[in-house]
Amino acid sequence: MLPLLCKRSKKIPGLLSVLVLLCFSQQAWAAGPPAPSVFNNPLAVTFIVLMVLLLIIIAILASLLLGAADLKLKKEKKKNPVIPATVVSMLFFLLLNSTSLFAQAGDAAAQTTSATIAGMSASAFYIMVTVIFLELLIIIALLINIRFLLKVEKEKNVVLIAETVEVTEAVKRTRLSWWDKFNKLRPISQEGDLDLGHDYDGIRELDNRLPPWWLYGFYVCIVFAFIYMWRFHVSHTAPSSLEEFETSIAKADLQIKEYLEMKGDNVDENTVTLLTDAADLDAGKAIFTNPANCVTCHGGDASGIVNDNPGIGPNLTDDYWLYGGAIKDLFKTIKYGTNKGMRSWKDDLSAKQIAQVASYIKSLHGTKPAKVKEPQGELYKEEATTPAADSLKTMNDSIKTKELLGKLGAAKAMN
Amino acid sequence: MQVEKFYYDNRIVKAFGYATVIFGIVGMLAGLWAAIQIYYPAISLNLAPVTFGRLRPLHTNAIIFAFVGNASFAGIYYSLQRLCKTRLFSDKLSWIHFWGWQLIIVGAAITLPLGLTNGAEYAELIWPIDIAIALVWIIFGINLFGTIVKRREKHLYVAIWFYIATWVTVALLHIVRSVEIPYSLTGSYSWYAGVQDALVQWWYGHNAVAFFLTTPVLGLMYYFLPKAANRPIYSYRLSIIHFWALIFIYIWAGPHHLLYTALPDWAQSLGVVFSIMLIAPSWGGMLNGLFTLRGAWDKVREDPVLKFMVVAITCYGMATFEGPMLSLKNVNAISHFTDWTIAHVHIGGLGWNGFMAFAILYYMIPKMWDTALYSKKLATNHFWLGTIGIVVYAVPMYWAGFEQSIMWKSFTPEGQLKFQFLETVTNIKPLYLLRSIGGALYLAGAFIMVYNLYKTMAKGKFIANEAAEAPPLVKEIKHKKEYWHRILERKPMTMLVLSLVLVAIGGLIEIIPTFLVKSNIPTIASVQPYSPLELQGRDIYVREGCYTCHSQMIRPFRDEVKRYGEYSKAGEFVYDHPFQWGSKRTGPDLAREGGKQTDSWHYNHLYDPTSMSPGSLMPRYIWLLDDALDTASTPAKIRAMRTLGVPYPEGYDKIANRDLVQQADSIAANLKKDKIETPPNAEIVALIAYLQRLGTDIKAEPKQTVAERK
């Protein structure tokens, strides 16, 4: 096949180029306008324009390459016909290969089912992306081939001028990579020009320029500094630490309010009621027995005994309460703490959680753990029925009860 | 021209080299031990001298001043002689310098475990040692400049510029930071209080990193890198620009350690912008190092010295980019007080300083023993162990820092903090474990180095006095048409003065207004001096190094205000000599600890933290329960505080102990109510008094003044 290709290419390069072009354009066209609706999609239109543009570039490059190859073939014919033949055949192989890939992509795309991406069907999207990608690949392939041909040409010229091989090597050494250009590095071979003639214990110094990105980066940082100071301390368009703080608190408060309103979890010490649901009591137990919470001072069974010694907190299972034994009193004690050891939990527990743990504690009443701390506080008697509807009345009642019991306690103490 | 023959002094280099190795190992061991204590507190064996709070300062001081310090001195004395083509100015001064410095280190190694400390990070050493440091530093300066003056090389090489800037700036930093009022032979109070002390501290602390860990080591890089690679320095003009820019800008950046604190906003902003501007000058050093290796990268594959240097310089580049990023307020809000900072400093410490120190040892020792390195293979193994060690150290710490910070800031939708402080610590325990493995790998590498260097010395023969020759310096040649900076390079004293002026500018502009302008620290009427017992308790807090894990600075963030209480105000710290804001929270902030827990809670917690907070990583402070408080020191302490302007009434020092006993008795009585029997003169009572006072002054009603209590 190779000789055949070579022959053909020798004879009719122009025709081939047209063929190749056609081949591409056909395929592209097939993929290009899939459905009329696509033209309403800005992304699709952009893709199509891009595809057409890339196609034009491919056409130009292809003709350029074929022209160059043709020229070269003619020149080479006299000396060594083998090398150019392979070059060109390789080229065609590459191109043909690309077109076949192209066709496959089209086939695959036809099978995909429709889902939308960026407003067009998934298959259309992937086809277009694939087409553009392949077009880019082809352009790269073409460029590499053109470069290769031109390079061969250049080296030929060098030979023609009868320069030595060393020269080519020198050219190679002076060629700068993108890295060298980025850093403004001079070739090492030219180092001699940069030597400042300093010699410190054998250490020489070069006079290389500053890497441009470094220098401009430095300038940018300095400009940043001025803008920063201006914004924070002259124009005050940037928030100070405290302004930032206030904004964040206001924002958070709003969010919490919205959330609680949505959830309906906004009980406080005036509206709390005893929860009896097993789920609530389990939740309360989990909070209570968390090693970092209540058990530290009140003990695992709420007996006030921690590790066989009296804990810091009182027994919570008996009838005596330091700060009142009603659910509202418990809620309040847990929420705000007291000034005698009980800490405030309102920053650690939500209102609902406090209600749960308070209810759980109430549920422990009368459990009579094996070992308990001596009673602390005043005797508290649960009221028979608490009219939940009127919270104010309940509060008054409980205060009255407390007073009464207080007197009783005082009398008891006197006895 | 007649050449003169002279001898380089290798013995002093050898001595500093030995010290580097010994104290490097000691410092790293201390670090490893401290790292293990964080997740396994019992390994402190409940010994007071080696609990984390005392061990951590020992680790940092040993690494900074003993390991890197000695390595710098070794490298400076080695390179200075060769760059000046002369022997060191005075052998006698060299040896005074050497032994003086080692005595200081030994002094530190004794005093720090004993709890004798100033309570300021990297400036912990007590006042007699501070004076010794100043004296030895002056000896070093005389030797340095004496050598420069009698040089046979007309111009000063860039390495020496860095040495000069190092000397003058460290002198300035050390003197300003160490202004303190002694109240006993071993104890003193910082001259500055609260916000001002914080500013001076981080101006010092940041620039200790800059001028003790960076500039001398950059100087070493400028000598040893081109020597080892046998390549010319990439760019002379880059050297000039980055040197002057670096020393000028570096000094301003200290306040970035105090973002969102009670430090005035304008000072914080200066810290931010100068940190950002510092990227380029820092990277100038990295570029000059790495580009010098152009054309020598094949050697890097072979030569362990260059391997170490390449990673060191890369770490330097990473750390000096990360630093400015951490100085941006929005990043700092996440990273500060977490292990992120720890990761950051160890990229610098293990990577830049450690690897540079190893590199110069691997370079100098074969040279001075006139032989080749015993085993390149072992050195390469050391290199890989060290590199992997750095990665295994840093990655878990970055992770831990980020994760903990995010947990701190997590809220439930109800607006409650999602995690208790303790949960955020126990959660990262596995990462602490990993970190210590990284550190152990690094240390293992160092042991390999010790063996390798020992074998190298054994097979070579030490040249105590290395012969060299050079023509004498000819005075007064006409210099025409030269680059302006060359003139400066002939004038070491001008360079010294210029460096001093440049570094003084930044410090003065930040420090003076903070001290003089009243509006910077608004006074709060209800803030009163500590009672004598609280003052004694505070000194125990400082002694035990509580600041290494607990901050006393609530930043104005939603989560911190929720967790700890109202954010800290500048006026609250006016009687804090020294300030105790801390820089890391392995435990919670204590700025408003007062009144949060009962006396008995604190008592039990100090005796065994896990009894009150199961899973706590805090060590036990058993000795506080038995040791009696040294009340004899009270009058002297009160007098010192009065000298510093703390408004105790005239003659209060004589009756202070009466108040002290009274307060102690009331706390003991309070404890007794909770069935805790304690002698009122136990140290723990004083510490509880201090903890219960913290942050309470601005809460509720104004407290009784000392005068009223009388």
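This is a predicted model: local features need pLDDT of at least 70, side-chain atom pairs count only at pLDDT 80 or more; totals for chains, interfaces and linings use all residues.
Let me begin with the chain as a whole, where we find 28 helices and four strands in chain B. Its radius of gyration is 26 Å, close to the 27 Å that the globule rule gives for 710 residues, so chain B is as compact as a globular protein of that length. Taken along the principal axes, the box that its C-alpha atoms fill comes to roughly 90 × 50 × 45 Å. Of the 710 residues, 57% count as buried, and if we take the contacts in chain B with a separation of 6 or more, 84% of them are between residues 24 or more positions apart.

Turning to the partner chain, 52 residues of chain B are in contact with 46 residues of chain A. Several helices of chain B each supply at least two residues to this side, among them H2 (52-84), H7 (215-229) and H22 (599-607), but the largest share, seven residues, comes from H9(B).

Finally, I would like to look at B:Phe402, which lies in helix H15, residues 376-408 of chain B. Leaving aside residues up to four places away in sequence, B:Phe402 touches B:Ile334 and B:Trp340. B:Phe402 and B:Thr338, which are 64 residues apart in sequence, are 7.6 Å apart in space, C-alpha to C-alpha.

Conventions: Residues are numbered from 1 along each chain as its sequence is written. Chains are lettered from A and ligands numbered from 1 in the order in which they are written. Two residues are in contact if their C-beta atoms, placed from the backbone, lie within 7 Å. The radius of gyration is taken over C-alpha atoms; the globule rule is 2.2 Å times the number of residues to the power 0.38. A residue is buried if 20 or more other C-beta atoms lie within 10 Å of its own, exposed if 12 or fewer, and partly exposed in between; C-beta atoms are placed from the backbone.
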